[in-house]
Amino acid sequence: MKKWLGIGLMVLGLFGLVFGSVAAYQGVPGPNPEVERSTTPMAYAKGCGQGRGGMMAAGEGTPYMGLGVKSANLTEVSVDPAEVQDYLAQLSVEKFTNPRGITVQKLVYDGDYVGKVVGDYDLSGLDVYAAYETLNGVKVFLAYEGEIVGFVLMK
């Protein structure tokens, strides 16, 4: 009798493990490589769809925009492209390639990281896409042929 009880409990435990692990995979699905996920450049500039730790719909909450900047209550400002190019000429660049083979250029001003450019672009060939007044200065989004490739914080 004890033998059958032990076997029954063992089988019950095995079924619990199997069904528990199956139920755990019924939650949030993983990324689907067949679905193209792209954010329009303007939505990225305004901070839409860029959140921490979860999916965020456009315009929902206060998404993180990098360098301690949140997109809530930011005002768009106009900046002189020549002034931005002068500022970019003063920056030093720390260039590296990440494990995915993408070139990242960290922009350094007076020992502080003030921005980055993703891709192997010449800084003098970048255009101003949009600029926002933040608590830390003016955050300027840099574009190449109409697509945002990075940003710089002008203090």
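This is a short walk through one protein chain, from its overall layout to a few single residues. Keep in mind that the model is predicted.

Let's start with the layout. The chain has three helices and seven strands. Read from the N terminus, the order is α-α-β-α-β-β-β-β-β-β.

Now the surface. The chain has 155 residues, and 27% of them count as buried. Its accessible surface comes to about 10900 Å². Carbon and sulfur atoms account for 57% of that area.

And the contacts. Take the contacts between residues at least 6 apart in sequence. Of these, 39% join residues at least 24 apart.

Next, charged pairs. How many salt bridges does a search of the whole structure find? The search finds one. Asp120 pairs with Lys95, and their closest N and O atoms are 2.8 Å apart. This pair links distant parts of the chain, 25 residues apart. Lys95 lies in strand S2, while Asp120 lies in the loop between S4 and strand S5 (127-134). Are these two residues buried or exposed? Both Asp120 and Lys95 are exposed.

Stay with strand S2 for a moment. The strand covers residues 92-97, and Ser92 is part of it. What does Ser92 touch, leaving out residues up to four places away in sequence? The answer is Lys106, Leu107 and Val108. Look at Val108 in particular. Ser92 and Val108 are 16 residues apart along the chain, yet their C-alpha atoms are separated by 5.2 Å. Ser92 has a relative accessibility of 40%, so it counts as partly exposed. The exposed class starts over 50%.

Last topic: backbone angles. Most residues other than glycine have a negative phi. Here are two residues with a positive one.

Take Asp110. It is not a glycine, but its phi is positive, about 55 degrees. Where is Asp110 found? Asp110 is in the loop between strand S3 (103-109) and strand S4 (112-118). Its relative accessibility is 71%, so Asp110 counts as exposed.

Now Glu145. Its phi is positive too, near 55 degrees, and this residue is not a glycine either. Glu145 is in the loop between strand S6 (137-144) and strand S7 (147-154). Glu145 has a relative accessible area of 69%, which means that it is exposed.

Find the salt bridge between Asp120 and Lys95. Then find the loop residues Asp110 and Glu145.

Notes: Residues numbered from 1 in each chain as written. Predicted model: local features only at pLDDT ≥ 70, side-chain atom pairs only at ≥ 80, totals over all residues. Heavy atoms only, no water. Helix = DSSP H or I, 4+ residues; strand = E, 2+ residues; numbered from the N terminus. Buried < 20%, exposed > 50% of the residue type's maximum accessible area, 1.4 Å probe, protein only. Contact = heavy atoms within 4.5 Å. Areas by Shrake-Rupley, 256 points an atom, 1.4 Å probe, with all protein chains shown as cover. Salt bridge = Lys/Arg side-chain N within 4 Å of Asp/Glu carboxyl O.
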